[in-house]
Every structure is written in structure tokens, then in C-alpha cells.
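Here is a short briefing on one protein chain. Keep the sequence and the 3D view open as you read.

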Amino acid sequence: MPKTTKRITLIGVAGTAGSGKDSATDLVCRFYGATNISTSDFVRAVARHVYDLPPDFNPIRDQLFELATFLRNEVNPATTVKLCIFKARAQNVKLAVLSGLRSMGEAEAIRQAGGIIIGVDADPRIRYERIHSRQRDTESQKTFEQFLEQDTFENNGVSSSGPG
């Protein structure tokens, strides 16, 4: 078993889809020498396993949302955050930025571990344009109105761990 640090400083980055969470995380990492550990990376890895997808395939947003909701409701509200903290300890990280938080349960797990939360948001039109320009999956083919519908649904807090 790898030697682990006794204390990790944690910063959680939360926000809506396309809000700039990755950009904020990159800045914190660059300026403070932090390590980015993404909750979304865990969800994508598990989705590839669950849906029998190739290792280099990017699961679609609906698959990710369904899986993340299942993990929050059926396993633990902070599953992905706890995996990130485990990874930070296993890699002896001293300052970790956990990006991709989407629920109160995840934020609470960071607070309980002594960390802080940074919230990021942007105008819906800007977020739509960012997501559209990524061309990751069918999400980029949605109209602005469809994006707003999905955004409202995702941000209404379907997780049993509290509001989204």
C-alpha cells in the first residue's frame, strides 16, 4: 500500500454544465501547484465499464447523468468525491482540486474533509456555446431551447442527497 499524507488540502469546484469549472480548476492548479482530480473522470470510467464502451470512447451525457444519479442515490451521495480523496491519498497529493461537483452531497463530503467549495457559473447562452463547440457527443447537436430544458432538469436536484 502506498504511503499516504496525513492531511490533504481540498478545494472543490462546483458549477453548471459549461460554466467554466475546468478553466477555474486549471487556474488554481497552475497558480498553486495543485493536482486536479476530476469526479467526472470516475463517472466516465465507470460508464465505459457499465455500458461496455471502448476505453477511448466518451460516454454521452445521458449515460453520465443516469450513472451519476444512480451513484448519488443508490450507493452514496459522495461516491465520486470519496474516490477522488482516496486517489489523492494514494498518490500522496498535498493540495487537490476536485472538479466537477454537481450535488450538495459531494460538496458536503469536501467540507467534512476540511475543504472549501468554489462555485462557478456563466450565462446560459455562453454555457450553451461552450458545450456546442466541444462537439463531444449528441449534446452539441441540441438547440438552445433543448439545452435549457436539459439544464433545468439537471439542476432541479433529482439526487436524494439534496438539491442539485
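Helix H6 (residues 124-134) packs against helix H7 (residues 144-155) in this predicted model. Their axes lie 10 Å apart and meet at an angle of about 105°. Angles of 65 to 115 degrees count as roughly perpendicular, so H6 is roughly perpendicular to H7.

**Where H6 meets H7**
- H6 brings Pro124, Arg125, Arg127, Tyr128 and Ile131 to the contact.
- H7 answers with Phe144, Phe147, Leu148 and Asp151.
- By type, the residues of this contact are six nonpolar, no polar and three charged.

**The nonpolar cores**
- In soluble globular proteins, nonpolar side chains tend to be buried together.
- The largest nonpolar core here has 15 residues.
- Leu10, Val81, Ala88, Ala96, Leu98 and Ile110 have the most contacts inside this core.
- H4 supplies the largest share, four residues.
- A second, separate core has seven residues, among them Val13, Val28, Cys29 and Val120.

**Leucine 98 and its partners**
- Which residues does leucine 98 contact, leaving aside its neighbours within four places in sequence?
- The partners are Leu10, Ile11, Gly12, Val13, Ile37, Val81, Cys84, Ile85 and Ile110.

**Threonine 80**
- Threonine 80 sits in helix H4.
- Is threonine 80 buried or exposed?
- Its relative accessibility is 5%. Buried means under 20%, so threonine 80 counts as buried.
- The side chain of threonine 80 makes a polar contact of 3.1 Å with the side chain of glutamate 106.
- Beyond its neighbours within four places in sequence, threonine 80 touches Thr39, Phe42, Val43, Leu71 and Glu106.

**Two residues with positive phi**
- Aspartate 52 has a positive phi of about 50°, although it is not a glycine.
- Aspartate 52 lies in the loop between helix H2 (39-50) and helix H3 (61-75).
- With a relative accessible area of 70%, aspartate 52 is exposed.
- Asparagine 92, also a residue other than glycine, has a positive phi near 60°.
- The loop between H4 and E3 holds asparagine 92.
- Asparagine 92 counts as partly exposed, at 35% relative accessibility.

Key:
Residues numbered from 1 in each chain as written. Predicted model: local features only at pLDDT ≥ 70, side-chain atom pairs only at ≥ 80, totals over all residues. Heavy atoms only, no water. Core = buried A, V, L, I, M, F, W, Y, C linked by side-chain atoms within 4.5 Å. Buried < 20%, exposed > 50% of the residue type's maximum accessible area, 1.4 Å probe, protein only. Contact = heavy atoms within 4.5 Å. Polar contact = N/O pair within 3.5 Å; in protein donor to acceptor, adjacent residues only side chain to side chain. Axes fitted to C-alpha atoms, helices over the stretch in contact; angles between N-to-C directions. Parallel < 35°, antiparallel > 145°, perpendicular 65-115°, else oblique. Nonpolar A, V, L, I, M, F, W, Y, C, P; charged D, E, K, R; others polar.
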